[in-house]
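Have a look at the model first, then read on.

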Amino acid sequence: MSKVWVPDLGNGTYKNPVLYADYSDPDVVRVGSDYYLTSSSFNAAPGLQILHSKDLVNWTIISTVFTQQSPLDVFSKPQHGNGVWAPAIRYHKGQFYIYYPDPDYGIYVTRAKNPAGPWETPILIKEAKGWIDPCPLWDSDGQAYLVHAFAGSRAGFKSVLAVSRMSPDGLKLLGDEVIIFDGHEKHPTIEGPKFYKRNGYYYIFAPGGGVSTGWQVVLRSKNVFGPYEDRIVMAQGNTPINGPHQGAWVTTPGDKEDWFMHFQDQGPYGRVVHLQPMVWKNDWPVIGNDPDGDGKGEPVLTYRKPAYKGAAQPLATPATSDEFDATTLGLQWQWHANPQPGWAFINAPQSTLRLYSVPLPTDFKNFWQVPNLLLQKLPAAAFTATTKLSFTPRFEGEQTGLIMMGMDYARLSLINQNGRIYLAPTVCKNADKGEAEVAAAPPVEVPTNQPIYLRMAVREGAKCQFSYSLDGQQFQPIGTEFQAREGRWIGAKVGLFCTRASKTNDAGSADVDWFRIE
């Protein structure tokens, strides 16, 4: 249970965001009385985390779709901002489907009987550069369709949506794509479409106006290929919620209530997820509060929880802290690239995670290039991340520690130099541009052969301060305050690393006793 953000207020109401973490481009499907959410995972692996809820407010992570992203050789190095873009999750004829785009390769699909896995190896159903944000629709007459958008950076054009016919099993696209909407004039950068059918209308919910400042558009037509009418159904209005858009319409059991989940871009914290009430008026949805009745809603900050049968759901939040006492790594953890054998092992008898030191890339400039960063999403506006670890180096220059990773990053490292262990805070500005790291304070010698506690305190605005302790009680600040910064299309992430300067037989290691978010 999170110690830093619980959206369920315990009195039948909730507060937004319901997921205070970077579950970017969320999509949700309900099957029976269960809701399942997935989101963009970009270059991180394992990828496509699956979350489960009974009430749209209390969520837990139950699985990931894959542990290695294809092509394997490409994603063995960090591919910042590439990989899994906005996915769609659907349930059809007893199977779960996830469609997701890789903007450099095309559109993939994967299936599972159980959302907790196993998921089939994703297959590429459309090889195309710049085709993004696919979403399927199985029609009542047995026909199937796929809507998608285009990434200007790859396709050479954007702000249009297209529909393809699809085989009924959802594994092939048939015939040519049809452009069904051009958003250049009214809804620039329209993307992220989600496909639905209701009361004889085909609906496409799609965000317009760009990630941090946009609005939620809905298109409708009696014909799957259009023409489509368009309407803005939610915008920021008089609220502090910038760019409320891109997400999922979902109903409660028996289709009794309508709800909408969407993201809000919070910079270093990533795209956090909000839950909005939704109603239908004249076959148009209205999302959030609509005080002036113009059909364009605005986000709610608190609201009554969605209706559900039975006893109140127990409070639940996605995992953050890890005691490393299971035989598998917690599902909250993701590597910065495809994990390789030998990077990390759960040491079950000791209830620790062992990280072996991995050689830095041969052309090393900074940690933007380092694949073996074990990271997780930031879980709230303010929190502390503390870890207890023991360092057993074998070679000069090996290091381990705590990192806040983004286009700017900061790390607190234990370094092996001349047979002694030093603690050194390092900052790198514009890491994505290849800038060099700089020391944030002189190194401090610490005892060898004893555990050390490393901490990062994060306050509102993602301002970070490192400290350390030899006894777990008294913490000594080290270095200056650091302003965290987002990564490429993702929020900043916090986690662990263990590196060495060159290839040598028998690596040193770090044994991580626990990692706690408080």
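The sulfur of C428 sits 15 Å from the closest cysteine sulfur, the one in C464, so that gap is too far for a bond. Keep in mind that this is a predicted model: local features need pLDDT of at least 70, side-chain atom pairs count only at pLDDT 80 or more, and totals for chains, interfaces and linings use all residues. Residues are numbered from 1 along each chain as its sequence is written, and side-chain values use heavy atoms, with hydrogens and water left out.

**Cysteines**

- Searching the whole structure turns up zero disulfides (a disulfide being a pair of cysteine sulfur atoms within 2.5 Å).
- C428 is buried, at a relative accessible area of 0%; here buried means under 20% relative accessible area, exposed means over 50%, and partly exposed is in between (1.4 Å probe, protein chains only).
- C135 also counts as buried, with 0% relative accessibility.

**Salt bridges: the tally**

- Side chains of opposite charge can pair when their charged atoms come close.
- The rule used here calls a salt bridge when a side-chain nitrogen of Lys or Arg lies within 4 Å of a carboxyl oxygen of Asp or Glu, and by that rule the count is 25.

**D27 with R90**

- The side chains of D27 and R90 form a salt bridge at 2.9 Å, N to O.
- D27 belongs to strand β2 (residues 27–31) and R90 to strand β6 (residues 88–92), so this pair ties together parts that are 63 residues apart in sequence.
- Strands (E, at least two residues) and helices (H or I, at least four) are DSSP runs, numbered from the N terminus.
- D27 and R90 are both buried.

**D513 with K388**

- D513 and K388 meet through their side chains in a salt bridge of 3.4 Å, N to O.
- With D513 in strand β39 (residues 509–517) and K388 in strand β28 (residues 383–392), the pair ties together parts 125 residues apart in sequence.
- D513 is partly exposed, at a relative accessible area of 25%, while K388 counts as buried at 19% relative accessibility.

**D408 with R485**

- A salt bridge joins the side chains of D408 and R485 (3.0 Å, N to O).
- This pair links distant parts of the chain, 77 residues apart: D408 is in the loop between β29 (399–405) and β30 (409–417), and R485 is in the loop between β37 (482–483) and β38 (493–500).
- D408 counts as buried at 10% relative accessibility, whereas R485 is partly exposed, with a relative accessible area of 22%.
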